[in-house]
Amino acid sequence: MGGLNLETAKGFRKGGAHGPIVSVESPEQSRLLGALSYEQPLRMPPTGKLSDAEIADVRRWVEMGAPWPEAPADAADGGSTLWSFQPVKKPAVPAVQDIAWARNDVDRFLLAKMEEQGLEPVPPADKLTWLRRATFDLIGLPPTPAEMDAFLADKTEGAYEAVVERLLASPRYGERWGRHWLDVARYADSTGADEDHRYPYAWRYRDYVIKAFNDDKPYDRFVQEQIAGDLMPPDDPNARVNAEGIVATGFLALGTKLIAEIDKPKLFYDVVDEQIDTTSKAFLGLTLACARCHDHKFDPLPTTDYYAMASIFASTKQFEDLDGAVVSKLYFRPIAPDEEVAAYEASNKEIADKKAEISKVEGLESKRYRDQHAPRLASYMLAAYQIYSEGGEAAPLAKRDGLEQDVLERMAEYLKPQRERRPQLEAWYAATDATRATAAQQYQESFLATIELRENAEKTWEKEAAAAKAAGKPVPDKPKFFAGDDRFFTEINAAKGPFGLPEEKRDAFYLDESKAALETLRAELKALEDKAPNPPMACAVNEGEIVDQKVLVRGNVHNPGEPVAKRFPIALAGRDQEPITSGSGRLELAHWLGSEHNPLTARVMANRIWQWHFGEGLVRTPNNFGKLGEKPTHPELLDYLAARFVESGWSIKQMHRLLMLSSAYRMSADATPEQREKDQENRYWSRFEPRRLEVEEMRDSLLTLDGSLDLTMGGALMEGQGTDKEFSDARKSLHPDSTKRRTVYLPVRRSNLPTLFSLFDFGDAAISNAQRTQTNVAPQALYMMNSEFVEERAGALASELLKDEALDDAGRVREAYRIVLNRPATADRVDQALSYIAGFPTDGSEDARSLAWTSFCRTLIASNQFLYVN
Amino acid sequence: MNSRQLNSRHLNPPVRSRREFLRRTSAGFGSLALASMLGADVQAPHPLAPKQPHFPARAKRVIFMFMHGGPSHIDTFDPKPALDKAHGQPLPFDRPLTFAEGSTGALMRSPWKFKQYGQSGLPVSELFPHVAQHVDDLCIVRSMVGDSVAHGGAVLQLNTGSNTFTRPSAGSWVIYGLGTENQNLPAFITLKPGLSHGGAKNWSSAFLPGIYQGTPVGHGGVSVDELMKEPIEHLHNSRLSMSQQRYELDMIQKMNRATLRGQDDDPDLEARIEALELAFRMQTEAPEAFDISKETEATKKLYGLDDDYTRDFGWQCLMARRLAERNVRFIQISHEYGPGNEVGWDAHSELIRLHTRTALMVDKPIAGLLTDLKAHGLLEDTLVVWGGEFGRTPISQAGDGRDHNPYGYTMWMAGAGVKGGYAYGATDEFGYYAVEDRMHIHDLHATMLHALGMHHDKLTYFYSGRNFRLTDVEGVVAEKVFA
């Protein structure tokens with residue numbers, strides 16, 4: 001069908017060279033259905049006939065009038081009918097019948113709908129349940145027994161507010177809510193993908209996020225800084241560098257990068273794509289990255305919108321060196337004034353130079369060692385033969401021939417036949433007793449010839465290079481020798497090869513002058529390293545070379561099409577946009593995103609805050625406010641919250657106060673079957689939805705059980721740069737058991753997350769994660785039952801309890817309930833626990849009592865009441 | 001139940017009620033027995049319950065033998081007489097992008113001789129004398145194509161279909177689509193996977209729920225002896241006896257059941273009760289699966305466990321058979337990238353030494369596995385797939401090595417109704433490009449899913465605004481590989 005374009009509604013309706021392919025009036029006449037039927041000459045799809053059911057689906061669709069999703073063309077005037085693209089309007093608060101239930105406007109919006117549906121909110125949860133819920137929600141830790149007592153003792157209505165204020169003022173708050181944002185920002189401490197190089201300064205961005213939440217940084221500013229903080233004036237007018245602003249752009253810099261991709265332009269545009277994906281999901285709840293290869297299938301986002309944004313990130317500095325080597329070099333940006341950075345760089349260079357000087361001396365000594373032995377190569381080989389072939393002993397043979405014993409031993413080890421073929425030794429193995437001496441001689445001559453050849457080549461090059469330099473001509477390349485050019489030579493000279501100078505022999509072999517030189521150099525190196533400043537660097541972006549971006553046809557970097565100007569999606573920002581004439585456009589993007597005029601920014605964040613309190617968002621697809629996303633269950637409430645959010649100066653803490661002091665947040669999770677039946681998915685929010693502790697909450701609160709949680713804030717728990725050998729455990733993230741710090745501070749190595757993280761649904765740090773999943777699988781249960789970590793916590797708690805002379809066993813049980821489950825134990829439960837401990841099948845060992853108590857503590861930890869927040 | 005929990009609309013249309021839920025998950029699932037064992041009227045949902053394939057399947061399970069590093073196809077299963085003649089000459093056509101751009105040289109012939117084997121007379125080189133004995137069972141795909149010249153992208157693409165984006169691994173898709181018949185062992189097990197070149201991404205479930213991720217047993221660099229001490233983490237309680245632990249578990253379950261609200265729906269809490277019971281059973285079943293002490297000496301010898309060269313991969317192959325017997329759905333074994341602290345297949349230099357060494361490590365174990373699968377009647381319904389992330393160039397690198405070649409290389413399949421003694425597709429006269437019946441990695445995935453009874457374009461998951469699948473928008477089933 002010549003000219004047929006099925007990409008767009010227009011192309012589809014127009015049809016091919018033979019006109020339209022569907023007839024809505026008489027579907028059976030449609031040529032499309034004819035082709036699918038396989039009964040006409042034109043058969044589609046060519047790979048095989050569709051099933052009857054599928055053909056029936058197509059027929060039904062044609063009968064429906066062949067509806068098509070909203071095409072970008074429909075938004076040509078810049079407008080869109082999509083609900084989320086409309087301006088936020090603060091709606092009137094609805095009237096409700098049950099005036100007493102509603103504590104604030106949030107409640108009125110919810111209650112109005114419940115009343116419409118004939119639903120009633122479930123009664124409030126008891127105070128301790130609310131306290132546990134609020135405490136985990138805001139700081140990710142359980143309430144302490146003292147906090148429980150204080151809250152129970154305060155009978156005033158203000159008690160609830162006091163708790164919320166106390167929690168919001170705690171530095172633990174930023175560690176919990178910052179982590180929510182880090183999920184959205186797909187935060188990690190390494191590049192993931194292929195090489196998984198460390199992002200050595202990623203932690204600065206993490207600490208920035210935690211601080212931003214603790215400081216209640218206005219969200220619009222928070223958004224702007226993450227896109228272009230480096231281009232904004234610092235908060236402190238006296239600061240010469242906006243360090244915080246630079247660090248904030250870690251949001252862009254910390255994505256997954258396939259840094260050993262050989263097709264470097266592709267790598268670069270994959271990075272740009274990753275930034276568009278994360279930025280559009282995080283701030284706008286849009287899947288703009290879908291428009292990389294084709295116009296967005298469902299939302300009014302044409303490919304030109306995508307490349308208009310790509311142009312901004314493509315004009316941003318992303319790498320230190322993209323294509324200088326197989327593995328592209330990451331970009332680290334200074335965050336200190338020039339002189340401080342200069343001092344740091346100078347110190348780095350001094351250290352590198354000093355190391356080079358040390359290697360030079362060592363290299364010359366290694367060469368001297370080799371040259372001493374090279375003229376005896378044949379003797380070494382012949383003596384080695386006697387060892388590996390005839391069972392000779394190294395010591396007497398070395399003595400007999402005047403050889404060094406360890407060199408001879410290494411030579412024998414090297415020459416000993418192996419099962420793998422070594423072509424370089426085949427002439428040696430082919431030699432007979434009669435010819436072996438000659439063969440050895442030939443190996444020696446060849447060896448000496450290679451030394452001479454390489455040295456001559458280098459000398460010649462040095463002369464040529466000097467002459468070229470003097471004449472101002474380009475310096476020729478240094479001669480390059482491959483290991484495979486003379487494999488025998490390479491292996492004999494290898495550090496651990498026969499002629500390599502072993503570590504332990506260096507002292508004896510080195511010339512006195514070398515030793516003296518090395519001693520001085522090493523002392524100097526140590527002094528340099530001791531006074532080296534901390535790297536004043538961040539993983540961040542910068543302005544790059546300004547690119548005149550073209551659409552890349554089908555997303556292929558090697559297939560440029562029409563040019564596009566830097567701008568924002570037309571359906572959102574309109575056609576009439578201020579042109580971006582200088583710089584990358586990041587600053588303009590930052591201001592457009594972090595603005596009350598953007599219809600999505602406040603809505604998307606208000607929805608996230610709601611979701612992180614209530615388990616689900618008002619829009620249940622928090623990263624997708626597009627056509628395929630869900631519509632809000634309460635559009636008016638969402639707009640009300642978005643408007644309040646902006647009015648409050650984009651204060652997230654104000655949002656917590658609003659939501660948490662509502663009756664909605666006070667509801668119980670216990671609903672009767674009738675109540676559940678009426679609101680099965682809780683889309684009317686007629687009850688509170690229980691949730692499982694997230695991995696951070698679980699690990700951190702286990703560490704509070706025995707008081708071992710280390711509350712130190714910030715900084716790096718990972719050392720080094722680059723990556724590690726494939727078989728190295730250093731590839732893995734730091735093991736959670738190796739520190740008592742809060743889980744948010746554990747480095748996240750993308751390619752190898754700690755098992756604990758994957759086990760408890762941390763998610764995938766490679767992509768923006770708007771909502772953790774909750775699974776219930778056996779390996780999690782094994783962790784609770786058998787892990788050393790849980791054993792230690794349970795054991796420590798048990799021994800604390802047993803040590804407390806002031807308590808009897810019943811008192812100990814009650815205390816355990818308060819600490820682990822944050823509630824009192826009923827008399828039944830105390831009896832149950834005491835008979836459990838008394839009946840524990842003992843093995844007769846002395847510590848039977850401690851074993852039983854440890855086991856009892858673990859039963860509490862492994863129970864649903866610990867793992868779930870009600 | 002929250003929509004983000006399993007069995008939600010992502011897998012099925014929304015579950016409207018407990019009754020509907022039970023109806024939908026009851027077919028063919030053994031948790032009724034479990035429910036009665038618990039003495040409770042619960043039937044928890046299980047996302048890994050066995051599911052019917054789209055059409056009758058040839059294969060019930062997959063064993064994927066991954067040759068990390070990239071074995072040379074022209075030195076193993078794809079002989080190139082023209083290369084012998086042109087040895088030392090420059091490549092007569094433009095060289096495509098290679099990994100080591102600066103160090104490639106002229107055409108280099110294979111240092112190994114090929115011989116014809118079996119009834120089919122398919123040629124195999126001296127590197128694989130044991131596998132060669134099974135050539136009549138192999139469908140040798142000589143026309144593999146991938147998109148990445150570097151390991152990272154290539155390994156990710158082979159395992160997940162994408163060399164760029166984060167996608168679920170093939171094993172995750174398979175168990176998402178089919179569930180598993182053995183609830184006492186993980187459905188997708190990967191033995192000694194590499195930590196480099198994507199690491200855990202290669203067995204991750206990405207945006208599929210976490211339950212579909214592969215369970216790694218050890219990793220590259222860990223010795224088999226070390227690994228056998230605790231093949232799966234947290235499988236063993238160091239302080240409690242089995243009966244003490246049962247006593248403890250009964251208490252936990254008593255507490256958990258007390259929080260179930262009467263007749264109330266609470267599939268999430270019920271699932272947790274079940275997970276605890278399953279964990280308890282895994283504690284006995286899994287160690288038994290990994291305990292090879294009862295295998296005969298003859299069997300151990302068959303896999304080369306008596307030889308230092310073959311012991312590691314031999315153990316993996318033997319484990320593959322033991323896990324296949326226990327109906328683990330997707331079994332991946334890996335010959336590691338750097339056995340014994342130097343590269344294996346990835347012979348950028350020293351092709352001769354490194355390929356003889358690496359082939360020695362895997363040849364006998366692979367042949368042993370094929371023999372043993374046959375003896376146990378498992379080859380009929382197990383799809384065995386062998387290969388690396390790419391092949392190697394017909395031109396030399398660094399004098400005596402070969403560079404990466406994703407443009408045309410070899411993998412092979414066996415079992416599960418695959419045509420044996422059959423060569424599918426072909427590369428050009430030097431073995432650089434696939435020219436006939438090209439099988440892209442997407443096509444390989446489509447073909448694997450086909451063997452398992454699934455349409456690759458119907459195994460989808462709705463995420464972030466659209467349906468995703470293992471084969472993206474590509475993938476053609478190579479019908480010809482099936483008998």
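**View 1. Strands E10 and E11 of chain B are joined by four bridges and run antiparallel.** The model is predicted, with local features described where pLDDT is at least 70, side-chain atom pairs counted at pLDDT 80 or more, and totals for chains, interfaces and linings taken over all residues. Residues are numbered from 1 along each chain as its sequence is written, while chains are lettered from A in the order in which they are written. Strands are DSSP runs of class E with at least two residues, helices are runs of H or I with at least four, and both are numbered from the N terminus; two strands pair if DSSP finds at least two bridges between them. Within this pair, Gly391(B) has Asn405(B) of E11(B) as its bridge partner. The two strands form a hairpin with three residues between them, and Ala398(B) in the turn has a positive phi of about 50 degrees.

**View 2. An open, antiparallel sheet of three strands in chain B has the order E2-E10-E11.** Strand E2 (104-107) and strand E11 (401-405) of chain B each have a single partner strand and stand at the edges, so one side of each lacks a neighbour in the sheet. From one strand to the next the twist averages 65 degrees, where axes are lines fitted to C-alpha atoms and angles run from 0 to 180 degrees between N-to-C directions. Two bridges link E2(B) to strand E10 (residues 391-397) of chain B in the antiparallel sense, and Leu107(B) lies opposite Ile395(B) in E10(B). Seven of the seven residues of E10(B) are buried, so this strand is largely enclosed by the rest of the structure; a residue is buried if 20 or more other C-beta atoms, placed from the backbone, lie within 10 Å of its own.

**View 3. Strand E12 (residues 409-414) of chain B is mostly covered, with six of its six residues buried.** On one side Tyr409(B), Met411(B) and Met413(B) are buried, and on the other Thr410(B), Trp412(B) and Ala414(B) are buried too. Strand E5 (residues 138-145) of chain B is joined to E12(B) by five bridges and runs antiparallel to it, with Leu138(B) opposite Ala414(B). Strand E9 (residues 382-387) of chain B is also antiparallel to E12(B), through three bridges, and Trp386(B) stands opposite Trp412(B).

**View 4. The contact between the chains takes 80 residues from chain A and 84 residues from chain B.** Residues are in contact if their C-beta atoms, placed from the backbone, lie within 7 Å. On the side of chain A that touches chain B, H33(A) gives the most, with seven residues.

Key
Two residues are in contact if their C-beta atoms, placed from the backbone, lie within 7 Å. A residue is buried if 20 or more other C-beta atoms lie within 10 Å of its own, exposed if 12 or fewer, and partly exposed in between; C-beta atoms are placed from the backbone.
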